[in-house]
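Please keep the sequence and the 3D view open as you read.

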Amino acid sequence: MKQLLSFCSWNWSLYFFVFILSVPLVLSVSALTFAASSESTVPSQEILLQQQQDLEGELDEVNARLEEIRKQLRELDQTPVAQQSEEHRQTQTTLQEEEVETLEEMSIVSTRILKRPEGLTISSTPQSETDSQPTRTMKESMESLPGVVLRQANGPRDFSISIRGSGVKTSFAIRDIKVYEDGFQQTQSDGLSRLDIQDPWFMRSTEVIRGAASSLYDNYALGGVVHFRTRRGSDIQGVESFFSGGSYGFNKQAVALGTQYKNLDVSMFASNVAEDGFIHHSGYNTQTVNLNFRFTIDDKQNLYIKAMTNWLDTDVPTRLTKSQFNQNDRQAGTGTDARDQARLDRRTIIGLMYERELTPNLILTTEGDYDVKDINQYFNQITDNVNTNWKQYTDLRHRGQISGMPLNSYLGFFINNMEQEGQTFQNLNDGQGTRGNLIQNNRGTIRNIGGRFREELTFLPEWTVAGGLGFEQSIVSIQTINYTNGLVTSRPSTTKTYYNWAPEMSLTWKPRAGWRHWIRGSTGYGIPQFSNLTRNPVTGLPGSNFDLKPQKNVNVEFGHEAQLHETFNMQLVGFWIFFRDEIISQTISGGNTASINADSSEYRGVELSADWRPIPGWQFHGAYTHIDAKYINFTDRYLVNGVATDVKQDGNDVPNVPSDVLNMKVMYDDVKNNWGAWVESNYYNSYTLNNANTVGIPSYWIMNVNLHKTFTFNNDWVRFAKFFFEVNNIADKTYAASGQVVSDSTPDADKQLFFAGYGRSFYGGVTIGMF
């Protein structure tokens, strides 16, 4: 109780401190942005003119640099292909990269917030993490980031993502983390994201913001944000085709078309992937299309259109008990074949973003997205579900000064609405996935509306203080009809209104180039989702759970980044997270899950990453995460001999949170001869999978190796061919790669816990650049 009171006191202190900090900053941005006051804090006309001249001068310098780059590229393009030397092509590649960077610098297209918000813990992957690899899943590249864990869920690319322990109390998809791609939101209004629609081969990089971030990213950003960035047309400049194959029937074909011409950048990707699967009854085929259209209308306006869609047809095995796993880790699990477990899912997202420079200091962004998900899933019950989702955002970003101190300001408003219509049927267990009696009809809506602001004040040359506040009203409406043997037994319905505030503040010190130190306090929140509210909280069967509360957390972190040597960079972050009413979802049996609130829990840990490049061509990279997650005040509730029973779990470890994760990678690249290789090792310590901490997942250590070679050609048809060969789990280690939280109403011996990781597997492929 004392720790809970301490947490509440700290929480309200943070709210009050951010409020006190925000008042003068809000007043300043209002004056600067809208010229609504004549107080002395408003800059004089001379200051405003000087600011405008400074900005115009910066823009002129960037434009001049861009024109010089393009002039050199035009001269290089005049050289016939047959006469182009290796030095010529390297120069051309370098200039093209500089052109892209310069365009990004002058572009006003952003992710609807300040370009690089101060005081955040951010890490990202380079394009090499998705180049010359099988690109089967996003796990291949993201496991090199500290604080980030991916686990296999129900499908080939369906991985749950955990950041600092958030997002792991689920057996499928992504929860408690916001997902974006090229600035467009991928998370639906009910908080669900799925990696089915992200093909790693399309990606340029992945950026992760670690720690609660609801002040910037609203609902469900309890753990942080994942932002995927696809390759641009300027990265492709022609046609690329990709062919890959490997163990267990894996095969992939993909194509990319892209170009940049004057003010237009267009890229389009398409892929087809299929596999028999390592585990019995896990074969799949999936197709993905991704289109990006970026157009600079003039020097003040930009338009960006994005369209993406995914079709998925996959069999899904059942997780194994401990004895089943030890007997045969590749078996499909109890009842899988009888139920013919599978997912037939479709998802399409279409978005439009428009940005306009209203003044040299003020930029307006508006965005609209249409997102539809149509799923048919065959487990213990058969579920048909359609979600249509509309999302709209409007933001203002301002760069100015207050009393001579640089001030960056952000103000945004948003509204989104999602419709839910679903049916749940009995599975007849006839091996055909045949629908039996109707069990439940449900229909509902989630409507979120809110706003947010952020201020970043550089009060000394090396010091920046940032503060922000987000507010959101969420209205959830659900109507359900429950059936037994075809007869209506109940009609539970509810309308819930939730109000959430999310303050944030940070202090950053940059003593010199390559060094950054920061302290940050941030908050996150997440309302219950349809799937939480439409299942009985004890049995996990279709029903109602309308008393479930929103979950909230407070994240406190201290971070350090340093370039200790021109060849050595490191990042070290310590964090302490306080959860209130954390939503714990537990599997009861098969695909039936129940959700309950844990009054309070705490996560403490450290994240360390390092990159060392001692001599040309060699790179050593490592990322380590340690987390200690405990229930502080939690009364669990589950069936004991058929009776709902309360059980105290205070002091127990929060399940499914790995205590230690280590990734190490040694890379060598011979730039002159266009070949390279790397060796990678991943270690996961053991951790528990139930609230009583009586069962868990064993620790494991696996190694992967990759060899790649690029050939360049002097003709008009083929520009290059990138070959790779990769061996994963070279020691053929048997290990459980994924676990789920299982209720203690099920005896430990019968708990369905594990999906096995792949055994030794071989992959090879080629990317061919044409035209």
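On a 1 Å grid over the protein atoms alone, a cavity is a set of points where a 1.4 Å probe fits but cannot get out. Its volume is the space filled by probe spheres set on those points. Please bear in mind that the model is predicted.

**The second largest cavity**

Searching the whole structure turns up 10 cavities of 30 Å³ or more. Which strand supplies the largest share of the lining? That is β29, with four residues.

**R151, a charge without a partner**

Strand β2, which spans residues 148-152, includes R151. This arginine is buried but has no salt bridge, and D176, the nearest side chain of opposite charge, is 11 Å away. Leaving out residues up to four places away in sequence, R151 touches residues including D158, F159, V168, P658 and G739.

**R294 and E680**

R294 sits in strand β11 (residues 284-298), and E680 is in strand β29. Is R294 buried or exposed? With a relative accessibility of 11%, R294 counts as buried. E680 is buried as well, because its relative accessible area is 2%, where the cut-off for buried is under 20%.

For R294, the C-alpha atom is 8.2 Å from that of N263, a residue 31 positions away along the chain. N263 is also one of the residues in contact with R294 once neighbours within four places in sequence are set aside; others include D182, R232, D265 and Y304.

For E680, the C-alpha atom is separated by 7.4 Å from that of N663, which is 17 residues away along the chain. The contacts of E680, again without residues up to four places away in sequence, include E143, N663, K665 and I702.

| Side chain | Partner side chain | Polar contact |
|---|---|---|
| R294 | Y304 | 3.1 Å |
| E680 | N663 | 3.1 Å |

Most residues other than glycine have a negative phi. What is the phi of N485? It is near 55 degrees, a positive value in a residue that is not glycine. N485 is found in the loop between β18 (463-484) and β19 (487-490), and its relative accessible area of 66% makes it exposed.

D581 also has a positive phi, near 60 degrees, and is likewise a residue other than glycine. Its setting is strand β23, residues 568-589. D581 is buried, because its relative accessible area is 14%. So N485 is an exposed loop residue, whereas D581 is a buried strand residue.

Methods
Residues are numbered from 1 along each chain as its sequence is written. This is a predicted model: local features need pLDDT of at least 70, side-chain atom pairs count only at pLDDT 80 or more; totals for chains, interfaces and linings use all residues. Side-chain values use heavy atoms; hydrogens and water are left out. Helices (H or I, at least four residues) and strands (E, at least two) are DSSP runs, numbered from the N terminus. Buried means under 20% relative accessible area, exposed over 50%, partly exposed in between (1.4 Å probe, protein chains only). Lys and Arg count as positive and Asp and Glu as negative; His and the chain ends are not counted. A salt bridge is a side-chain nitrogen of Lys or Arg within 4 Å of a carboxyl oxygen of Asp or Glu. Contact means heavy atoms within 4.5 Å. On a 1 Å grid over the protein atoms alone, a cavity is a set of points where a 1.4 Å probe fits but cannot get out, and a pocket is an open set with protein on both sides within 12 Å along at least five of seven lines; lining residues have an atom within 4 Å of a point. A polar contact is a pair of N or O atoms within 3.5 Å; within protein, one must be able to donate a hydrogen and the other to accept it, and residues adjacent in sequence count only if both atoms are side-chain atoms.
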